[in-house]
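Biologist: Please take me through this model one question at a time, spelling out the cut-offs as you use them.

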Amino acid sequence: IVQEMPAFLIPVACAILVKPVHSQLQGRLNAGQILFGCFVLHYFQRAVIYPFFIRSSSPTTFGAVSLATVTCVINGYLHGRYLTRFSDYPDNWLTSPNFVLGIILFFIGLTINLHSDHILRNLRKPGETGYKIPRGGLFEYVSGANFFGEVLEWVGYGLAGWSLVTTIMPFISALNIIPRAIHHHKNYREKFDDYPKDRKAVIPFVL
């Protein structure tokens, strides 16, 4: 909860306290507001909803938590500030290919992420311990289906926003998530002799 909460609270504070530079950002619905909603929705799910469904988690070092918290503070401020004050999308951006495709990818990624988390939460029955091979959904193709979903979310977000600020996000996400997914994949393969040999780490059929 602690490490990702700033990425939710800071943008919300920006929306409440910051006055947009561009007058057209006030009042009617625009692309910046939808992008803001996507960003806040992701971190609301991660910081507020997700922790209450976790049955158990691996210990995390203070250094890792601190780094993640600082990253979320920076991301929360950067995106919250940009989308509530400085973004200036024309009205026709809502129907542009970039925006439409990007929003579709974002919600596909979000759906994959939520479904994969559901599978992981229900791998073990109450009272069971130990590791199990995840099955179903994108887990039939990659070990890190939840990671793939999150990266896809931010690819969609970056495409829909198509600005320096928003397009940075998929790269930051990939740099953080892909090495973790590869590490998980290697652990699965070492732990289970019967682990599916054609299952990739994070990107179906590729990586």
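**Core, helix packing and rings**

Biologist: Which residues does Tyr43 touch, not counting residues up to four places away in sequence?

Modeller: This is a predicted model, in which local features need pLDDT of at least 70 and side-chain atom pairs count only at pLDDT 80 or more, whereas totals for chains, interfaces and linings use all residues. Residues are numbered from 1 along each chain as its sequence is written, and side-chain values use heavy atoms, with hydrogens and water left out. With contact taken as heavy atoms within 4.5 Å, the residues that Tyr43 touches, leaving out those up to four places away in sequence, are Glu4, Ala7, Phe8, Val48, Cys72, Asn75, Trp154 and Met169.

Biologist: Which residues touch the most other members of the largest nonpolar core?

Modeller: A nonpolar core is a set of buried Ala, Val, Leu, Ile, Met, Phe, Trp, Tyr and Cys residues joined through side-chain atoms within 4.5 Å. Buried means under 20% relative accessible area, exposed means over 50%, and partly exposed lies in between, for a 1.4 Å probe and protein chains only. Among the 25 residues of the largest such core, those touching the most other members are Leu35, Tyr43, Phe99 and Tyr157.

Biologist: Which helix gives the most to this core?

Modeller: Helices here are DSSP runs (H or I, at least four residues; strands are E, at least two), numbered from the N terminus. At least two residues of the core come from each of helix H1 (5-17), helix H2 (31-49), helix H3 (62-86), helix H4 (97-121), H5 and H6. With eight residues, the helix that gives the most is H2.

Biologist: How many residues make up the other core that lies apart from it?

Modeller: Its members include Phe148, Val151, Leu152 and Ala181. The size of this other core is eight residues.

Biologist: At what angle do the axes of H5 and H6 cross?

Modeller: The axes are lines fitted to C-alpha atoms, for helices over the stretch in contact, with angles running from 0 to 180 degrees between N-to-C directions. Angles under 35 degrees count as roughly parallel, over 145 as roughly antiparallel, 65 to 115 as roughly perpendicular and the rest as oblique, and H5 and H6 are therefore roughly antiparallel to each other. The axes of H5 (residues 145-161) and H6 (residues 164-191) come within 8 Å, and their crossing angle is roughly 170°.

Biologist: How do the residues of the contact of H5 with H6 divide?

Modeller: H5 contributes residues including Phe147, Trp154 and Gly161, and H6 residues including Thr166, Ser173 and His184. Ala, Val, Leu, Ile, Met, Phe, Trp, Tyr, Cys and Pro count as nonpolar, Asp, Glu, Lys and Arg as charged, and the others, Gly among them, as polar. On that basis the contact divides into 10 nonpolar, six polar and two charged.

Biologist: Is Ser173 buried or exposed?

Modeller: Ser173 lies in helix H6, and beyond its neighbours within four places in sequence it is in contact with Glu150, Val151, Trp154 and Ile178. With a relative accessible area of 6%, Ser173 is buried.

Biologist: What is the phi of Trp162?

Modeller: Trp162 is found in the loop between H5 and H6, where it counts as exposed at 54% relative accessibility. Its phi is positive in a residue other than glycine, with a value near 50°.

Biologist: What separates the C-alpha atoms of Tyr188 and Ser143?

Modeller: Tyr188 has its place in helix H6 and counts as buried at 14% relative accessibility. Ser143 is one of the residues in contact with Tyr188 beyond its neighbours within four places in sequence. The two residues are 45 apart along the chain, and their C-alpha atoms are separated by 7.9 Å.

Biologist: How many aromatic pairs does the structure hold?

Modeller: Rings of Phe, Tyr and Trp (its six-membered ring) pair if their centres lie within 6.5 Å, with planes under 30 degrees apart counting as stacked, over 60 as edge-to-face and the rest as tilted. By this rule the number of aromatic pairs is 12.

Biologist: At what angle are the ring planes of Phe106 and Trp154?

Modeller: Phe106 in helix H4 and Trp154 in helix H5 are 48 residues apart, so the pair links distant parts of the chain. Phe106 counts as buried at 0% relative accessibility, and Trp154 counts as buried at 1%. The ring centres are 6.4 Å apart and the pair is edge-to-face, because the planes are at 70°.
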